[in-house]
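Here is a short briefing on one structure. Keep the sequence and the model in view while reading.

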Amino acid sequence: MNTYQISGNLVDILQQEIYPATLHIADGRIQQIIRNSNEYPNYILPGFTDAHVHVESSMLIPSEFARLAVVHGTVATVSDPHEIANVMGVEGVQFMLDNGKQVPFKFNFGAPSCVPATTFETAGAIVGVHDIDQLLQRDDIKYLAEMMNFPGVLHKDPEVTAKIAAAHKYGKPVDGHAPGLTGEAAKAYINAGISTDHECFTLEEGREKLQYGMHVLIREGSAAKNFEALIPLLHDYPEKIMFCSDDKHPDNLVEGHINQLVKRALSHGIDLFKVLRAACINPVLHYKLDNGLLRENDPADFIITDNLRDFNILATYINGQKVAENGKTLISPVPCTPVNNFVCNSKTPADFRTPANGNGHTAKVKVMEALDGQLITNALQAELPVANGLIMTDTPQDVIKLVVVNRYREAPIATAFIRGFGLKQGAIASSVAHDSHNIIAAGIDDDSICAAVNEVIRHRGGISIAGSEGAKALPLPVAGLMSNLDGYTIAEQYSWFDQAAKQQGATLASPYMTLSFMALLVIPHLKLSDLGLFDGDQFAFTPVDAA
């Protein structure tokens with residue numbers, strides 16, 4: 001029997017009490033907690049849980065995500081494998097489950113509810129009602145992942161209704177996704193049996209959904225940042241709030257995770273126990289996770305910190321095993337053979353041309369505006385120059401071209417225009433493009449866009465940049481979404497691409513992450529799929545021409 005003891009100031013979140021104690025641990029569980037009267041310099045508390053994350057967005061396979069996350073005191077995630085499922089279906093979900101089980105970390109995957117996310121884009125797979133039912137029967141599938149098709153919920157679409165019913169049949173919660181939904185529509189969405197939302201972006205929206213009985217997840221990821229807007233809700237609804245990252249790029253994961261939100265929430269003057277309840281307790285109770293919560297007979301999942309202000313993580317334990325210590329991961333890398341679904345040939349600059357209507361020297365077009373720190377976009381208009389019958393970009397107006405290339409079969413390329421990236425030269429491209437993960441690129445001219453796209457195609461997935469010194473790519477061979485290399489190495493390489501984009505003028509905090517959401521049709525107002533420009537308010541295609 002593997003037995004040992006650890007002493008410190010035990011933080012009992014459920015009882016809202018801190019006291020000196022010694023934990024007696026045997027075979028991965030807490031056998032006894034014995035109070036004493038000693039003085040200790042350290043604190044023992046339950047590990048953190050990210051209540052909603054797409055592991056794929058870290059560009060790391062689950063085993064590598066875990067290696068980085070445990071350093072920051074994270075012991076578990078509620079993970080939606082929606083991204084790889086849109087590329088590879090149930091086979092992709094199985095890959096995530098299998099890889100995650102090879103490391104001492106508590107991944108809690110859901111059954112992806114929206115594959116494809118909409119009928120207005122080309123995905124690589126379909127996950128139907130039968131697939132969902134089969135997945136939800138499994139003990140290692142904990143919930144029905146975010147139901148993004150909120151129009152389908154409100155209009156009682158038979159397939160949507162059947163997926164939600166399957167989750168209820170097996171006693172598993174249903175995650176929501178309803179940005180901006182309020183009033184009677186929000187009530188109807190919640191009454192359909194959907195219990196969470198991580199898409200609130202105003203305090204009023206969050207409070208209203210909480211009052212209707214929903215759990216609100218405060219999200220702070222690499223692109224979408226809603227913490228400052230929503231954190232006041234934790235004062236009044238400590239049992240209904242959770243923390244999540246949703247999408248976090250590897251460089252940001254190296255810097256920190258849920259521990260950062262804990263520290264920030266405390267700096268806002270929120271009570272320690274309310275903050276820790278959101279970070280450690282509420283996800284475990286809501287999703288019925290097997291995380292230990294520092295009780296006798298619980299799994300020995302806990303973290304040790306030097307104080308309760310800065311939350312410097314001295315050590316992380318999962319099932320009694322020390323998995324991180326003093327900023328270093330103790331989890332060994334896991335070999336991984338890539339899986340993929342990528343059928344796409346190289347392109348020519350002519351493939352990206354946008355013909356003008358009429359014979360004028362300018363064209364009035366609809367323009368998507370990317371907003372830093374948000375997934376929503378604005379719908380604008382701009383007058384752009386026309387040369388040789390083709391609509392051109394206009395960098396003084398900060399209007400450049402956006403394209404989406406079908407990665408699953410040969411098809412015409414969708415083009416549109418976007419403001420907010422700030423690029424002054426070249427182009428950036430990525431095969432991470434929510435939700436169908438076709439190739440998306442933004443750039444100032446067709447030659448640069450073509451070069452960036454072809455780099456992604458050459459590697460069968462990745463992120464790339466094209467500029468005066470040619471084109472380079474960071475390959476993502478696992479479904480065109482993730483690398484199979486060391487997480488710290490990928491974080492360093494990704495940082496190089498992020499900086500290179502900024503050197504070419506990009507003004508966004510996370511240009512590649514923002515780019516990846518410009519094809520996310522379920523978030524208003526304008527987006528671009530491989531089939532064309534999409535009006536998220538009307539939920540219909542719209543022409544680029546605004547004349």
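A strand here is a DSSP run of at least two E residues, numbered from the N terminus. By that count, V365 is found in strand β17, residues 362-370. The model is a predicted one. The protein chain holds 16 helices and 28 strands.

**Overall form**

- The radius of gyration of the protein chain is 24 Å, close to the 24 Å from the globule rule for 547 residues, so the chain is as compact as a globular protein of that length.
- The C-alpha trace spans about 85 × 50 × 45 Å along its principal axes.
- Of the 547 residues in the protein chain, 64% are buried.
- Among contacts with a separation of 6 or more, 68% link residues 24 or more positions apart.

**The eight-stranded sheet**

- Eight strands form an open sheet with mixed pairing.
- The strand order is β3-β2-β1-β4-β13-β14-β15-β16.
- The edges are β3 (29-35) and β16 (328-329), and each of them pairs on one side only.
- Within this sheet, β1 (residues 3-12) and β2 (residues 17-26) run antiparallel and are joined by ten bridges.
- One of the residues bridged to β2 is S7, whose partner there is T22.
- Strands of a sheet pair through backbone hydrogen bonds, either parallel or antiparallel.

**The β24-β25 hairpin**

- Strands β24 (residues 462-467) and β25 (residues 470-475) run antiparallel, with six bridges between them.
- Two residues connect β24 to β25 in a hairpin.
- I465 has K472 as its bridge partner in β25.

**Nonpolar cores**

- The largest nonpolar core contains 116 residues.
- M147, Y189, L402, F421 and M518 have the most contacts inside that core.
- Another core lies apart from it and has 44 residues, including V11, I241, L261 and L266.
- Beyond its neighbours within four places in sequence, L402 contacts M368, A414, T415, A416, F417, I418, I440, A441, A442, L515, M518 and L528.
- In soluble globular proteins, nonpolar side chains tend to be buried together.

- Is V365 buried or exposed? V365 is buried, because its relative accessible area is 0%, under the 20% cut-off.
- Setting aside neighbours within four places in sequence, V365 is in contact with L380, Q381, A382, L384, I391, F417, V544 and A546.
- V365 and Q504 lie 139 residues apart in sequence. Their C-alpha atoms are 25 Å apart in space.

**Cysteines**

- How many disulfides does a search of the whole structure find? The search finds zero.
- C114 is in no disulfide, and the nearest cysteine sulfur, in C244, is 17 Å away.
- C114 counts as buried, because its relative accessibility is 3%.
- The cut-off for a disulfide is 2.5 Å between sulfur atoms.
- C200 is also buried, with a relative accessible area of 0%.
- A disulfide is a covalent bond between the sulfur atoms of two cysteines.

Key. Residues numbered from 1 in each chain as written. Predicted model: local features only at pLDDT ≥ 70, side-chain atom pairs only at ≥ 80, totals over all residues. Heavy atoms only, no water. Pairing = 2+ DSSP bridges. Helix = DSSP H or I, 4+ residues; strand = E, 2+ residues; numbered from the N terminus. Buried < 20%, exposed > 50% of the residue type's maximum accessible area, 1.4 Å probe, protein only. Rg over C-alpha atoms; globule rule 2.2 N^0.38 Å. Contact = heavy atoms within 4.5 Å. Core = buried A, V, L, I, M, F, W, Y, C linked by side-chain atoms within 4.5 Å.
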